[in-house]
Amino acid sequence: MKKIMAIVAAGLAAASVSHGALADGGAKFLGNITTSSQVRDDMGTYWNQITNENGCKWGSIHSVDNSGKSVFNFNGFDSCENGYKWSKAAPGRTFKFHALIWGSQTPDFICRGKNPNITVEKTRQYITDWFDAVAAKFPDLEYIDVVNEAIWDGGNYHSGYRSKAVGAEGISTDDDQCAGTYIIDALGGDDVVNGKHQYNFVQKAFEMARERWPKAKLIYNDYNTLSWQMNEGIEMVQTLLKNGAPIDFYGQQAHDCKGMSKSDFESKLTKIHDAVGIPLLISEYDIGEADDQKQKNDYANQIPFMWETPWIGGITIWGYINGATWSANTGIMESNGTKRPAMVWLEEYFKTNLDKGQNSTGTAVEPVPQEPFKGTPFAIPGKIEAEDFDKPGVGVGNDSYSVATTENKGDSDYRKETPVSIYSKASGNIIGYNNAGNWYEYTVDVAETGTYTMFAAVASAAGAAFSLSMDGEAITSTVEVPAASEGEENYDDYNKVSAKVNLTRGQHILRLTIEKDWMDIDYITFVAGENVQDPEPIDKDPSAIAQKVNLTSNVLEDYDVFDMQGAFMGRMSAYGMDQAVSTVKNSSMLKAKGVYFIRSKTTRQMHPVTIR
């Protein structure tokens, strides 16, 4: 270990190994960036965290050879490797990788305008190559800006994922000749549900990062979220978290804080934190101000809150040498070493207030597996209630469902805390509002290896489809769901569909995936054998129902009435189902036309009634 550290130190000829950083021994880091592509000699004198301004961006590292094969150079312009090595050269230093996915400063070969042969599939492969290369080079990253500037602002994304964007403070780093990329499409698209972007591509990038860095702190990073698109940024992070994205920090670039009052600054950050419920990072802080005193006043009004607030996990100042930063007058030292008043104030503050720093955030969450909703796996052979999908766990691969909606549209109180739309029907709870791509998982225990027949009770107004897989392997092809027989709005016309499946003994994860909009599902039953009888057939023949249900009775019984959506309409007493049906048809209790259902409280049998 000593020999390795000696080699690393030898490679840092220009870098200081001083241990006198302002925040050394504090609760969180106070960092800065490389300067004009270099790690300055005095970096360790002031800062204990480093972010390469440009050297770790995708376009700085990834190229392709003449055959289209990926090539990576981590020691090129603004060397990403040197920033990483500086952080390893002394204890207490931190390195933040910036950034895996960004719509700007991408490799030329993924730009549609520069490479007319680029495709979605090739882009997906190059993204995977990129993630794998970074993981191989830096397997122990602590902080990663996974996705940068992807908020939809109403007309475009914050950076040029599909077309040139304006950029922070109107300063765009987008390449006019790039003409957009297929990054979004390659990572799963960006569904819009009820007018709200779902940011599927951002979620996929975070899942890929968590697979490669299970203990790293993963960051979504964006700019001007304290002034311009605060609500859009909040909604984005809320949506991603609700859909299971493994985000540890919401990074606030904080380029928009010039002249912002102390109270305004604190209230805005507090609003964002309270809304998203995860810790924040001040990931790119600067004050672009030529007036020394005004810049110093902003630092004095804003830095203490960042340092002393426990849910802010760290501070990265974006440049300390004037004239060597991304935007004019943001530096806090001159190139000759003269310190601007903001830097003088910063040194004095940390001398007397280091111990005020608080940090209760940023601990990587250990993965927790999903588990059966009611504690024990569903037995096969046996029946699986659709609404009893597994309890989700923590970490990539431990989600137990995925739905496009962020809002539970169901009318049932069952599992109301989830975004899954569960409806109360006469037969019990069902999962509805299922569009293509939704999936649900169930822990099952198969009694014996062999052939089984699957039966599913499903309904669709216009026809839909689903499929089943087990432990990631398909066990059915696409199973078609027939259209309802009584019009486009009829989701109470349940049908039974079936398929032969081959299962292996033991405990497994069964996944139900919706392949075609829209369908409701009540339950799935597995019966041992092939060409076997359905244990719970749905009988739609009224004469057959009459044979099975005692329609007349000498005993006064209670009957419940439901509408087509399963909403309870009232209770009556009658001598048998015939009398209950007649009473409903001839009374004024149901004023709206349509199909209703009567259910016996005694036998639980049901009968449809049409009010014309």
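## Two disulfides

Let's begin with a pair of cysteines: Cys111 and Cys178 form a disulfide, with their sulfur atoms 2.1 Å apart. Keep in mind as you look around that this is a predicted model. A disulfide is a covalent bond between the sulfur atoms of two cysteines. Why is the link of Cys111 and Cys178 called left-handed? The torsion about its S-S bond is about -90°, so the disulfide gets that name. Cys111 sits in the loop between strand 5 (94-102) and helix 5, while Cys178 sits in the loop between strand 6 (143-148) and helix 6 (183-186), so the bond ties together parts that are 67 residues apart in sequence. Cys111 has 2% relative accessibility and therefore counts as buried. Cys178, at 6%, counts as buried too.

How many disulfides does a search of the whole structure find? The search finds 2. In the other pair, Cys56 and Cys80, the sulfur atoms are 2.0 Å apart. This link is right-handed, with 100° about the S-S bond. The pair connects distant parts of the chain: Cys56 is in the loop between strand 2 (49-51) and helix 3 (58-61), and Cys80 is in helix 4 (residues 80-88), 24 residues apart. Both Cys56 and Cys80 are buried. If you count the bonded cysteines along the chain, the disulfides follow the pattern 1-2, 3-4. One more cysteine to look up is Cys257, which is buried with a relative accessible area of 0%.

Now find Phe131 in helix 5 (residues 120-137). Is Phe131 buried or exposed? Because its relative accessibility is 0%, where anything under 20% counts as buried, Phe131 is buried.

Which residues is Phe131 in contact with, leaving aside its neighbours within four places in sequence? They are Leu100, Ile101, Ala205, Met208, Ala209, Arg212 and Trp213.

## A buried arginine

Arg93 is found in the loop between helix 4 and strand 5. This arginine is buried yet has no salt bridge. What is the nearest side chain of opposite charge to Arg93, and how far away is it? It is Asp24, 6.9 Å away. A salt bridge would need a side-chain nitrogen within 4 Å of a carboxyl oxygen. The side chain of Arg93 does reach the backbone oxygen of Trp86, at 2.9 Å.

## Helix 8

An α-helix has 3.6 residues a turn, so residues three or four places apart point the same way.

Gly244 follows helix 8 and has a positive phi, near 100°.

Most residues other than glycine have a negative phi, and most peptide bonds are trans. Some places in this model are worth a look with that in mind. A cis peptide bond, with omega about 0°, joins His98 and Ala99, and Ala99 lies in strand 5. The peptide bond from Ile380 to Pro381 is also cis, with omega near 10°. Pro381 belongs to the loop between strand 13 (378-380) and strand 14 (382-385).

Turning to phi, Arg415 has a positive value near 55° although it is not a glycine. Arg415 lies in the loop between strand 15 (401-402) and strand 16 (422-425), and its 7% relative accessibility means that it counts as buried. Asp471 is another residue other than glycine with a positive phi, near 55°. You will find Asp471 in the loop between strand 20 (464-470) and strand 21 (473-474). With a relative accessible area of 46%, Asp471 is partly exposed.

Key:
Residues are numbered from 1 along each chain as its sequence is written. This is a predicted model: local features need pLDDT of at least 70, side-chain atom pairs count only at pLDDT 80 or more; totals for chains, interfaces and linings use all residues. Side-chain values use heavy atoms; hydrogens and water are left out. Helices (H or I, at least four residues) and strands (E, at least two) are DSSP runs, numbered from the N terminus. Buried means under 20% relative accessible area, exposed over 50%, partly exposed in between (1.4 Å probe, protein chains only). Contact means heavy atoms within 4.5 Å. A disulfide is a pair of cysteine sulfur atoms within 2.5 Å. Lys and Arg count as positive and Asp and Glu as negative; His and the chain ends are not counted. A polar contact is a pair of N or O atoms within 3.5 Å; within protein, one must be able to donate a hydrogen and the other to accept it, and residues adjacent in sequence count only if both atoms are side-chain atoms.
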